[in-house]
Amino acid sequence: MASSADVHVRICEQEIIKFDLEIKALVQDVSECTGPQSKLTDCNFQVKEKFNNLRQRIQDLEQMGKEQDKESDKLTLLNKAEGHRKQMLSNQTAWRKANLACKLSIDKLEKEDLFNSEDMSMRHRKMTKESLAETSSGITESLMSISRMMAQQVQQSEETMSTLATSSRTVLETHEEFKAMTGTIQLGRKLIIKYNRRELTDKLLIFLALALFLATVLYILKKRLFPFF
């Protein structure tokens, strides 16, 4: 029985030492944690579990000491349990200090990130304003260019309209000239027709006069040559 009890004691002490070392390592992780807050919360959760396990094993060792038959063995185990409890309290103090330092460090980093974010935001707003100003200037220049192009188009349209008006007047004048020439041609044609008719009449009259003259001459000759006919 004594040998079995010693085995349980040794196992309990080994577990206490193991939990103590694990707690120290986790406390070191907490002290070196730079965030985010979720990572610190996860580390603290693991530390709490280890402390609960350690506290339970120290209580088990203390209970084993109280159950010892020999007073010397009893005192030895109780003293060991007390020593482990003091070490646990020391680890808890180190844990609280590490937590405080870590929280201060995270707060500092978060403030720096906030300032950097605000600075970046200010720079972004400044760049946005400059970009908007450049865009506005570009739009204004484009509008002015379009306005100039429209003015040129209007001027060209006016010139085209003026040219068309001049051409229209020229066409009208040419048309009037053609009308005048047509009238003149028609008048000349009428005159030619009239002249041709008069010439024909004159020829006919000359022919008739000549015929009359010849008839008269023949009649006179006949009377003179043949007075008795």
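**Salt bridges and surface charge in the predicted model**

The side chains of Arg85 and Glu62 meet in a salt bridge at 3.0 Å, N to O, the term denoting a side-chain nitrogen of Lys or Arg within 4 Å of a carboxyl oxygen of Asp or Glu. This pair links distant parts of the chain, with Arg85 in helix H3 (residues 71-225) and Glu62 in helix H2, 23 residues apart; helices are DSSP runs of H or I with at least four residues, numbered from the N terminus. Arg85 counts as partly exposed at 21% relative accessibility, and Glu62 likewise counts as partly exposed at 23%, where buried means under 20% relative accessible area, exposed over 50%, and partly exposed in between (1.4 Å probe, protein chains only). The structure is a predicted model, in which local features need pLDDT of at least 70 and side-chain atom pairs count only at pLDDT 80 or more, whereas totals for chains, interfaces and linings use all residues. Residues are numbered from 1 along each chain as its sequence is written, and side-chain values use heavy atoms, with hydrogens and water left out.

By the salt-bridge rule, the count comes to 8. Among them is the pair of Asp60 and Arg57, whose side chains meet at 2.4 Å, N to O. Asp60 and Arg57 lie 3 residues apart in helix H2 (residues 37-66), a separation of about one helical turn. Asp60 is partly exposed, at 21% relative accessibility, whereas Arg57 is buried, with a relative accessible area of 18%. Both residues also belong to a network of salt bridges that links Glu15, Arg57 and Asp60.

A further salt bridge joins the side chains of Lys24 and Asp20 at 2.8 Å, N to O. Lys24 and Asp20 both lie in helix H1 (residues 2-32), where they are 4 residues apart, about one turn of the helix. Lys24 is partly exposed at 34% relative accessibility, while Asp20, at 14%, counts as buried.

Apart from these pairs, Asp107, Glu110, Glu112 and Asp113 gather in a patch of negative charge on the surface. Such patches are made of residues with over 30% relative accessible area and no salt bridge, like charges being joined within 9 Å; Asp and Glu count as negative, and the place of a charge is taken as CG of Asp or CD of Glu. Accessible areas come from the Shrake-Rupley method with a 1.4 Å probe. Glu110, one of the patch residues, lies in helix H3 and counts as partly exposed at 43% relative accessibility.

Terms used: Helices (H or I, at least four residues) and strands (E, at least two) are DSSP runs, numbered from the N terminus. Patches are made of residues with over 30% relative accessible area and no salt bridge: like charges are joined within 9 Å, nonpolar side chains (Val, Leu, Ile, Met, Phe, Trp, Tyr) within 5 Å.
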